[in-house]
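Visitor: Please put the model on the screen. I would then like to go through it by question and answer.

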Amino acid sequence: MALLADLLLWLLLVLGLGLALRALLRRHRPDNRPLADRIDALLPQTQCGQCHYPGCRPYAEAIAKGEADIHQCPPGGEAGIRALAALLGREPKPLSPEHGVEKPAQVARIRETECIGCFKCIAACPVDAILGAPKFLHVVIEDLCTGCELCIAPCPVDCIELRPAPLPLRLLP
Amino acid sequence: MPTTGLLLVLIGIALANRLLLRRGPLLGARRPLQDGFAVALASVFTLIVALGIAALLGRAVQALAWPSPVVLLLAIVPALLATRLLLRRSLPGIPSSPRLLALLAGNASAIGMALPGPGALEGLPMSLLQGLAAGIGFGVLLLMFTVHDERLATTAVPAALRGTPLLLLGATVLALAVLLGLRGH
């Protein structure tokens, strides 16, 4: 009788561990998308151009072709470099200082009283996060802004400032 | 002190696992941390299955009076087959490599051998509990080494120390800390 109870306990334990392992492995299914797509999915999509490419997608394609290195993306930071290194089976390396430094997430904000409605920042924004029209007040849509800083330089009256990004609703990736 | 011995064995196994897993993921995860977790879980699964089979086997061959380590080693083989079947069915894309199976067999037998107590021949619930606890300890150690490795990979370290040497140094410090911390001197 004791043996039967022991075996039942063993079977339950094996079943539980087996189901846990199965559920875990289900999430490891291999990714069959093209390499450039998988690299692009790891990039932060700020479209800031700090990697010296026009945007995240061109940079991803350059990495896939072997033309660019993996440590040129400051917004992705250390975590991004680690993810790219793991995907490509290479050794991670520190962020290249010539491309910039890692910063906390930020968004742009236009000081309304100073904006002259010149439309230059709207033309510069790579993600269409600035709303407005010539001779009308412009405003940054916070949810779309990636904090790429590309609108700062074109502004003739210097009315755009960067502030820390609000906490995202979804804290976990 | 038997606990310290078991802990040192677990640190050794976790280190060996990390050194092998550095060369590439074995279970198809995209991040080393998830891969390490999956390997630890698969090892514990193999060990638990083997402990049960060893208990049955021990009863069956009592007349031969084999020592329990031999019974446990014999039980690892069918347990490994069960793990392989499970891996095949839940990960159809990735063939279970011989490297992975060898790693799992080594983990399960090393942890099983290091367990204190009378062994697998009597007291199945007790040995299952011990196996589970040692397995969790092994998993935590493996995750610690993985995180340690990941954190240090992107820092500016002298080229001579980069990678494996740094991991070995970290493991040494960890083992020293565990020993001194548990013994108190």
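Visitor: From the N terminus on, in what order do the elements of chain A run?

Guide: The model is predicted, and local features need pLDDT of at least 70, side-chain atom pairs count only at pLDDT 80 or more, and totals for chains, interfaces and linings use all residues. Residues are numbered from 1 along each chain as its sequence is written, while chains are lettered from A and ligands numbered from 1 in the order in which they are written. Chain A has five helices and four strands (DSSP runs numbered from the N terminus, H or I over at least four residues for helices, E over at least two for strands). From the N terminus on, the order in chain A is α-α-α-α-β-α-β-β-β.

Visitor: What percentage of the 185 residues in chain B do buried residues make up?

Guide: A residue is buried if 20 or more other C-beta atoms, placed from the backbone, lie within 10 Å of its own, exposed if 12 or fewer do, and partly exposed in between. In chain A, 25% of the 173 residues are buried. For the 185 residues of chain B, the buried share is 37%.

Visitor: Among contacts in chain B between residues at least 6 apart in sequence, what percentage join residues at least 24 apart?

Guide: A contact requires C-beta atoms, placed from the backbone, within 7 Å. In chain A, among contacts between residues at least 6 apart in sequence, 57% join residues at least 24 apart. With the separations counted that way, the value for chain B is 74%.

Visitor: At roughly what angle do the axes of helix α2 and helix α4 of chain A cross?

Guide: The axes are lines fitted to C-alpha atoms, for helices over the stretch in contact, and angles run from 0 to 180 degrees between N-to-C directions. For α2 (residues 35–42) and α4 (residues 77–88) of chain A, the axes come within 9 Å. The crossing angle is roughly 160°.

Visitor: Are α2(B) and α4(B) oblique or parallel to each other?

Guide: Their axes come within 9 Å and cross at roughly 60°. At the contact, α2(B) residues including B:Val39 and B:Leu47 meet α4(B) residues including B:Leu103 and B:Ile111. The contact residues divide into nine nonpolar, four polar and no charged (Ala, Val, Leu, Ile, Met, Phe, Trp, Tyr, Cys and Pro are nonpolar, Asp, Glu, Lys and Arg charged, the others, Gly among them, polar). The relation of α2(B) to α4(B) is therefore oblique.

Visitor: Where is B:Leu26 found, and is B:Leu26 buried or exposed?

Guide: B:Leu26 is found in the loop between α1 and α2 of chain B. B:Leu26 touches B:Val39, B:Leu100 and B:Leu103, among others. B:Leu26 and B:Leu100 are 74 residues apart in sequence and 6.3 Å apart in space, C-alpha to C-alpha. Because 22 other C-beta atoms lie within 10 Å, B:Leu26 is buried.

Visitor: What distance separates the C-alpha atoms of A:Thr46 and A:Glu149?

Guide: A:Thr46 is found in the loop between α2 and α3 of chain A, and 22 C-beta neighbours inside 10 Å make A:Thr46 buried. Contacts of A:Thr46 beyond four places in sequence include A:Pro75 and A:Cys148. A:Thr46 and A:Glu149 are 103 residues apart along the chain, and their C-alpha atoms are separated by 9.8 Å.

Visitor: Which element gives the most to the side of chain B that touches chain A?

Guide: In the model, 29 residues of chain B are in contact with 25 residues of chain A. The residues on the side of chain B divide into 19 nonpolar, seven polar and three charged. At least two residues each come from α2, α3 and α5 of chain B. The most, nine residues, comes from α2(B).

Terms used:
Angles under 35 degrees count as roughly parallel, over 145 as roughly antiparallel, 65 to 115 as roughly perpendicular and the rest as oblique. Two residues are in contact if their C-beta atoms, placed from the backbone, lie within 7 Å.
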